[in-house]
Amino acid sequence: MKAVVFRKHGELDALEIAEVEDPVPGPNEVRVAVKAVALNHLDIWVRRGWPGLNLELPHILGSDIAGTVDLVGSEVRGLKKGDEVVIGPGTSCGECDACDRGEDNRCSQYAILGEHIPGGYAELVVVPGQNVFPKPAALSFEEAACLPLVYTTAWGMLVEQGHLRRNETVLIHAGGSGVGSAAIQIAKSFGATVITTASSDEKLEKAKQLGADHTINYVEENFSKRVWEITEKKGVEIVFEHTGGETFPGSLKSLAIGGRLVTCGATTKPKVEIDIRLLFARHLSII
């Protein structure tokens, strides 16, 4: 099959189209013919590499995949050749205590397609049967492929970890990003008031279309100061933080008493200094 691979970490020119062997599914696996694969910032990070990331090269990127079932393992039920499907990007052993609790992302063998194992920049991809779901009929393959990684991440942060409740106020950073745009929609579905930041008026306008109640251009104004103005000096119950060190201090300052900061990323920088007194004095949580 044809696939887009890289043989060494680097910039965009590290990618090449190559012929690789067709993957063969095991008894509990399914092979999917890829119709669409979405792009994520994760693809850039993996392509560039980081200390401790050990991949079998050449590596195939691509976490978000939609396609049709091509082959079905002997132990897989409920799927047949030709089914239109979307793939959950996180794989796990399915047998440990974490998996039994439905917390598969805490499995010691947890891996993400395109990050730790071969992904969807290819004509075919093999995944566990438990990771294959029916594609919503109303969505195109391209639309379905944009959903899994960012929406499962945003749901896990806001709902499972952040325990979002109705009528709370949430600050969502980078509303123009994939995970940020997903978080806006999830928060609104819970009846939350959403404040979002972005670097341009164009991105802020899109955030409003997705449901954001208040928008802040963080290039032009101090976002934490603006949050306190919007909330009438109460702060927000949750900060959805995924941009990293440059926003982290201001995110903590934006929290109300008892507020929760949930984080999944460090796009700007990975390290930050924290005044611990702020944590215990205001009963804050970092998750």
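Reader: What span should helix α5 have, and how far apart are its end C-alpha atoms?
Author: Helix α5 covers residues 178–189, 12 residues. At 1.5 Å a residue it should span 16 Å, and the end C-alpha atoms are 17 Å apart, which agrees. The expected span is 1.5 Å times one less than the number of residues. Helices (H or I, at least four residues) and strands (E, at least two) are DSSP runs, numbered from the N terminus.

Reader: Where do these coordinates come from?
Author: This is a predicted model: local features need pLDDT of at least 70, side-chain atom pairs count only at pLDDT 80 or more, and totals for chains, interfaces and linings use all residues. Residues are numbered from 1 along each chain as its sequence is written, and side-chain values use heavy atoms, leaving out hydrogens and water.

Reader: Which residues of α5 are buried?
Author: Val-179, Gly-180, Ser-181, Ala-182, Ala-183, Ile-184, Ile-186 and Ala-187. Buried means under 20% relative accessible area, exposed over 50%, partly exposed in between (1.4 Å probe, protein chains only).

Reader: What do they pack against?
Author: Their partners include α4 (148–161), β12 (193–198) and α6 (201–210).

Reader: What happens at the start of α5?
Author: A side-chain oxygen of Ser-177 comes within 3.0 Å of the backbone nitrogen of Gly-180. Just after the helix, Gly-191 has a positive phi of about 80°.

Reader: Which residue pairs with Lys-188 in a salt bridge?
Author: Asp-213, at 2.9 Å, N to O. The pair links distant parts of the chain: Lys-188 is in α5, Asp-213 in the loop between α6 and β13, 25 residues apart. A salt bridge puts a side-chain nitrogen of Lys or Arg within 4 Å of a carboxyl oxygen of Asp or Glu.

Reader: Are those two buried or partly exposed?
Author: Partly exposed: Lys-188 has a relative accessible area of 30%, and Asp-213 has 39%.

Reader: How many salt bridges does the whole structure have?
Author: A search finds 14. One of them joins Glu-19 and Lys-2 at 3.4 Å, N to O. Glu-19 sits in strand β2 (residues 15–19) and Lys-2 in strand β1 (residues 2–6).

Reader: New topic. Where is His-214, and what is it in contact with?
Author: His-214 lies in strand β13 (residues 214–217). Beyond its neighbours within four places in sequence, its contacts (heavy atoms within 4.5 Å) are Thr-193, Val-194, Ile-195, Thr-196 and Ile-230.

Reader: Is His-214 buried or partly exposed?
Author: Partly exposed, because its relative accessible area is 32%.

Terms used. A polar contact is a pair of N or O atoms within 3.5 Å; within protein, one must be able to donate a hydrogen and the other to accept it, and residues adjacent in sequence count only if both atoms are side-chain atoms.
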